[in-house]
Amino acid sequence: RPQIERPDQKQQTRHVRPILLRDAVRTARRSLLLGDLGSGKSTLAATFAVENQAGNQNAISLLVPAKMLLPGTHAGTLRWPSVKEFISSLSSFVNEEVLPTASAFDLHTLLNSGLEVAILIDGLDEVSLPVAKEIVDRLGQVVEHWPTAQVLATGRPSELTGLDHSRWQLCVPFRIQDEDRYQLFLEEALVDGDRKSVVEGK
C-alpha cells in the first residue's frame with residue numbers, strides 16, 4: 001500500500017493516508033509514486049499494471065521504463081514536440097519491445113476509442129531532469145485530452161528536485177509494521193478460507 005498525499009488548495013500542509021495504489025491512481029488520474037532506491041516503487045507499479053489489466057477486460061495498462069522512451073520524429077529542443085508524438089513513442093515501445101510479432105499497436109487509436117488506459121512510466125530518476133519534466137508535462141496533457149486515461153510515474157525524489165508536481169497526487173510506498181503484517185496474514189487467511197487458523201491465532 002502506498003501512502004497518498006493530495007494537494008489542498010486551502011491548506012499549506014499535505015494530508016497523508018494509507019490507500020491502495022489502484023484506488024489512488026483511479027481517484028486522481030495523475031499520480032507520482034516517489035521513494036528511495038529499493039523502496040518497492042517498480043514492484044508496486046508492475047503489480048498495479050497486472051491487477052488493473054486482470055480486473056477489467058475493457059482496460060489496458062502500459063508499463064514503460066522512462067529510459068526506453070525514444071525521442072519523437074520531430075525532436076529538437078523538446079524530445080516530444082507534441083503530445084501526439086509522445087503517444088507515438090509509447091506505441092513504438094510496445095511494437096518494438098513488447099509485441100514485435102503482433103499487428104501494429106496504436107495507443108492513439110485506443111485512447112480515441114474511449115478505452116480505459118493506464119500509462120505507467122517507471123524510473124523518472126533514470127533520465128535527465130529536463131526529460132523527466134517533459135515526460136510529466138506530456139502525461140498531464142494525456143489526462144487533459146482523454147478522460148479515460150490514468151497516468152502514474154515513479155522516481156526517487158532526491159533526483160527530481162525542481163520537478164513541478166503541483167497538480168499531481170503524490171504517493172510514497174507504505175512501510176509495513178509488524179501489526180500490519182499480522183493483519184495482512186489474517187485477511188489473506190480469511191480469503192483462502194483458512195478460518196480455523198485465524199480463530200486459533202496461528
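1. Burial first. A residue is called buried when its relative accessible area is under 20%, exposed when it is over 50%, and partly exposed in between (1.4 Å probe, protein chains only). By that cut-off, K41, A45, F48, A49 and N52 are buried in helix 2. Seen down the axis of helix 2, these buried residues fall within an arc of 100 degrees, so they line one face. The arc is taken over the directions from the helix axis to the C-beta atoms.

2. Basis of the note. The model is predicted: local features need pLDDT of at least 70, side-chain atom pairs count only at pLDDT 80 or more, and totals for chains, interfaces and linings use all residues. Numbering starts from 1 along each chain as its sequence is written, and side-chain values use heavy atoms, with hydrogens and water left out.

3. Overall layout. The chain has 7 helices and 7 strands. Both are DSSP runs numbered from the N terminus: helices are H or I with at least four residues, strands are E with at least two. From the N terminus, the order is β-β-α-β-α-β-α-α-β-α-β-β-α-α. Of the 202 residues, 39% count as buried. The accessible surface is about 11600 Å², and carbon and sulfur atoms account for 50% of it. These areas come from the Shrake-Rupley method with a 1.4 Å probe; for residues, only the protein chains shown count as cover.

4. Contact range. Contact means heavy atoms within 4.5 Å. Take the contacts between residues at least 6 apart in sequence: 69% of them join residues at least 24 apart.

5. Helix 2, continued. The expected span is 1.5 Å times one less than the number of residues. Its buried residues pack against helix 1 (21-28), strand 3, strand 4 (59-65), strand 5, strand 6 and strand 7 (169-173). The face turned away from the buried side carries exposed T43, V50 and A54.

6. Helix 5. Residues 129-145 form this helix of 17 residues, which reaches 24 Å, close to the expected 24 Å.

7. Helix 3. Its 16 residues reach 22 Å, close to the expected 22 Å. V83, E85, F86, I87, S89, L90, S91, F93 and V94 are buried. They pack against strand 4, helix 4 (107-112), strand 5 and helix 5.

8. Nonpolar cores. A nonpolar core is a set of buried Ala, Val, Leu, Ile, Met, Phe, Trp, Tyr and Cys residues joined through side-chain atoms within 4.5 Å. The largest has 37 residues; I121, L124 and I135 touch the most other members. Strand 3, strand 4, helix 3, helix 4, strand 5, helix 5 and strand 6 each supply at least two residues. Helix 5 gives the most, with 7. Leaving out residues up to four places away in sequence, I121 touches V64, A66, L69, L90, I135, L139, L152, A153 and T154. Apart from this core lies another, of 12 residues, among them I19, F48, A49 and L120.

9. A104 lies between helix 3 and helix 4. Its relative accessibility is 73%, so A104 counts as exposed. The C-alpha atoms of A104 and V94 are 9.0 Å apart, with the two residues 10 apart along the chain.
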